[in-house]
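Let's take a walk through a protein model together. Have a look at the sequence and the picture, and then we will go through some of the parts one by one.

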Amino acid sequence: MAREPHLAAMHKGHIEAAAEIMALGRDETVGARARATFKLHFKMKDLGVDDGRSYFVWMEDGRVAGVTGLHHYTWGPDENVWLAYFGVHPDFGRRGIGAVMLSEMQRLAQASYRRFFIETHGANERAHRFYRSQGFREAGDIADYNPDGAPMKVFVKDLE
Ligand SMILES: CC(C)(COP(=O)(O)OP(=O)(O)OC[C@H]1O[C@@H](n2cnc3c(N)ncnc32)[C@H](O)[C@@H]1OP(=O)(O)O)[C@@H](O)C(=O)NCCC(=O)NCCS
């Protein structure tokens with residue numbers, strides 16, 4: 001489906017809706033982590049500190065329908081970037097929004113980075129299928145990474 005991107009920079013007023021999307025798509029723990037991460041990011045921003053993170057929301061009919069972003073870790077290679085929290089509200093799923101959000105993140109990342117990584121929970125098969133369908137390949141697992149014993153499964157794509 002051809003879709004025009006509806007992405008806007010996240011602001012503080014979007015935090016609750018964005019965290020709720022992660023809670024609905026994954027679970028309350030992930031939602032709480034997302035909320036804490038977004039709040040920390042905006043505190044850093046208020047202090048004028050660039051934390052290497054950027055967040056975006058997908059707006060649909062005045063609602064926050066999706067959340068995405070990029071995480072660059074200063075302790076990692078300069079050429080690497082990671083997909084940040086990524087989710088689409090269940091009311092807006094399976095309409096191609098996730099695919100456009102991911103391709104927009106790749107377009108943005110291409111300006112500064114060469115390799116695009118995605119961290120996933122080892123049991124999140126829907127997400128794995130989705131990332132494979134978007135041209136990402138499995139980079140490997142970190143066994144027993146999650147408290148439930150599931151691995152962290154990492155996907156990667158080389159940016160052109
Ligand atoms: C993964 C996720 C972001 C995908 O978002 P989405 O907007 O539903 O993604 P899309 O609509 O682009 O694609 C999803 C599927 O719907 C299909 N699809 C897209 N448009 C469609 C349409 N109009 N009709 C029917 N199916 C469609 C796609 O082919 C895709 O199938 P696939 O996964 O087998 O490749 C979403 O499922 C989600 O939020 N999951 C919970 C949170 C999560 O796990 N995030 C990832 C953490 S690592």
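Ala, Val, Leu, Ile, Met, Phe, Trp, Tyr, Cys and Pro count as nonpolar, Asp, Glu, Lys and Arg as charged, and the others, Gly among them, as polar. By these classes, the shell around the ligand holds seven nonpolar, eight polar and five charged residues. This is a predicted model, in which local features need pLDDT of at least 70 and side-chain atom pairs count only at pLDDT 80 or more, while totals for chains, interfaces and linings use all residues. Residues are numbered from 1 along each chain as its sequence is written.

Let's stay with the ligand. It is surrounded by 20 residues, and the closest are Gly25, Gly87, Gly98, Ala99 and Ser133; a residue is near a molecule if its C-beta atom, placed from the backbone, lies within 6 Å of it. Which element gives the largest share of the shell? Helix H4 does, with five residues. Here helices (H or I, at least four residues) and strands (E, at least two) are DSSP runs, numbered from the N terminus. Strand S5 (87–88), H3 and H4 (125–133) each supply at least two residues of the shell.

Next comes helix H2, residues 28–46. Its 19 residues reach 27 Å from the first C-alpha to the last, close to the 27 Å expected, where the expected span is 1.5 Å times one less than the number of residues. Gly31, Ala34, Thr37, Phe38 and His41 are the buried residues of H2. Buried means that 20 or more other C-beta atoms lie within 10 Å of a residue's own, exposed means 12 or fewer, and partly exposed is in between, with C-beta atoms placed from the backbone. Seen down the axis of H2, the buried residues fall within an arc of 130°, so they line one face of the helix; the arc is that of the directions from the helix axis to the C-beta atoms. An α-helix has 3.6 residues a turn, so residues three or four places apart point the same way. On the other side of H2, Glu28, Thr29, Ala36, Leu40, Lys43 and Asp46 are exposed.

Finally, look at strand S3, residues 63–71, where eight of the nine residues are buried. S3 pairs with S2 in the antiparallel sense over eight bridges; two strands pair if DSSP finds at least two bridges between them. Val67 of S3 is the bridge partner of Val57, and in S5 the bridge partner of Val67 is Gly87.
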